[in-house]
Amino acid sequence: MSGQTTAEELGPVTTLATPIRLDFEFTPGVAQSRFLRGLEKGKFVGQRCPTCGKVYVPSRGSCPTDGVPTTEDVDLGNVGTVTTYCVVNVPFAGQSIEIPYICAQVLLDGADISFMGLIQEIPTDEIRMGLRVEAVWVEPEELTPSLASVRYFRPNGEPDADYETYKDYL
Amino acid sequence: MAERCAVIGVGQTHHKSKRNDVSIAGLVREAAKMALADADLTWTDIDAVVIGKAPDMFEGNMMPELYLAPALGAVGKPMFRVHTAGSVGGSTSLVAAHLISSGIHKRVLTVAYEKQSDSDAMWALSVPQPFAAPLLAGAGGYFAPHIRAYMRRSGAPEHIGRMVAVKDRINALRNPYAHLHLPDIDMKMVEDSMMLWDPLRYLEACPSSDGAAAMVLAAEDSLSGSFPPAWIHGMAMRSEPTMFAGRDQVNPQAGRDCSADVYAQAGITNPRAEIDVAEVYVPFSWYEPMWLENLGFCDLGDGWKLTEAGATAFEGDIPWNTSGGVLSSNPIGASGMLRFLEVAMQVRGQAGEHQIDGARRALGQAYGGGSQFFSMWVVGSDKP
């Protein structure tokens, strides 16, 4: 065995990379299916709490504050307000959007909770709280029961919302 | 009537970006052995072990407590795993303390860790989910919008975040265990660092660290060690849903409720006057003024004024994060325990270069997830 490098000469193994892949299935349940089926038709569907009257989008099927089932569907429009945002400029493994990009909290008109949305068609240094935006959907034949149906949000040209109108949603 | 409980031993690793010289088992043992030595005890003196870490996916080791039991001397003894995201180091300490205060055990070893170099927490926190747009970019991407909301709400000037980033790194120079030692840190260096999640710059964010923390907790009739005990005067945990209409993301209700509970237990009515030193989970600079308000150290909207006036600096009247804080060391699972451990060191008088003279009562706080888990304790040099 002369000529071979010994384990002593090589030293201990300190690290070992072991990539892991995990495929999983997601069962959305009745409440989220309603929201996802809405996306498939190109609209945002929320639900109203019968006790506090707050409109959730997407609805989880019950009101987290009152603990009662939400049963009334609410078709929300295509328009909302950027309550707050950040500009993402950090690369990371698995990233699917080119940096820098604007990640905003979008409060749809008529909803009582915001959700995360990508904002485009505005320079990153012009994004601001209170910006009025509209959803841009994929082509009708490309609609699926997924948020991939919403390409992004863009400014809709309306004047900025007054801080007082969204300050309680931060 | 709950049994009195005290910290009688503390231990931690030198926190670094990569600890390739040890496995996870070696890492946790390092901190645990140091805590046992501080308490003048051995493995056989311990009744139970409570371990905590952040999500298993960070290192890809599912249920690591199973494989770590022998390394922590837990074979044949009760062993518990705690997980409450970033606050886990705090809640792990509290679960251990509950085992004493309930009268079940006399001496409990508690350990928390993260070995960030073994995986990619940024990736693990940004995995696409079928019901959300794939926009999340790590913890910074989650918290930056809420920081912007705080800035708007309070009218705080932009330099406040940079002040915290500098202050905590200057404190870290006093702490030999801190990961980041940046002797040249100043406002300009922070301002010149890369913008990662506008409005947050690189040096306003915590590092990625490998590290572990450990403590030995004991009942009143089982004290040992050469340093005086740090008595627990109050302890509390709270949670809240991540998403509900009307949720205050800047000043979460669960944090306010948790501090009100812990202050009531400790008999504190004026935190700024009655707490000598605090270690508070500030992974991004702006969380100092936000938590100053959430923890009742000042009126709403005034947190940044305390920071700006130097009240939270090492020489200030309420030193915050004398260890250098999460901004200087972030082994995620251990980060909460390091807050609890640092305040125990302060009231025991064993903090060395980062000791606040005369510290008799101190607050440790940790938060986690999307600000939906909180854990806190108040420790003191006097028996409660």
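Tutor: In this model, β4(A) and strand β5 (residues 195–198) of chain B pair in the antiparallel sense over two bridges. Strands are DSSP runs of E with at least two residues, helices are runs of H or I with at least four, and both are numbered from the N terminus; two strands count as paired if DSSP finds at least two bridges between them. Within this pairing, Val88(A) stands opposite Trp197(B) of β5(B).

The model is a predicted one, in which local features need pLDDT of at least 70 and side-chain atom pairs count only at pLDDT 80 or more, while totals for chains, interfaces and linings use all residues. Residues are numbered from 1 along each chain as its sequence is written, and chains are lettered from A and ligands numbered from 1 in the order in which they are written.

The contact as a whole involves 34 residues of chain A and 33 of chain B, where two residues are in contact if their C-beta atoms, placed from the backbone, lie within 7 Å. On the side of chain A that touches chain B, the elements giving two or more residues are β4 (79–88), β5 and β6 of chain A. β4(A) provides the largest share, five residues. By class, that side of chain A has 20 nonpolar, eleven polar and three charged residues; Ala, Val, Leu, Ile, Met, Phe, Trp, Tyr, Cys and Pro count as nonpolar, Asp, Glu, Lys and Arg as charged, and the others, Gly among them, as polar.

Two of these contributors also pair with each other: β5 (residues 101–108) and β6 (residues 115–119) of chain A are antiparallel over five bridges. Ile102(A) is placed opposite Ile119(A) in β6(A). The two strands form a hairpin with six residues between them, and Gly110(A) in the turn has a positive phi of about 90°.
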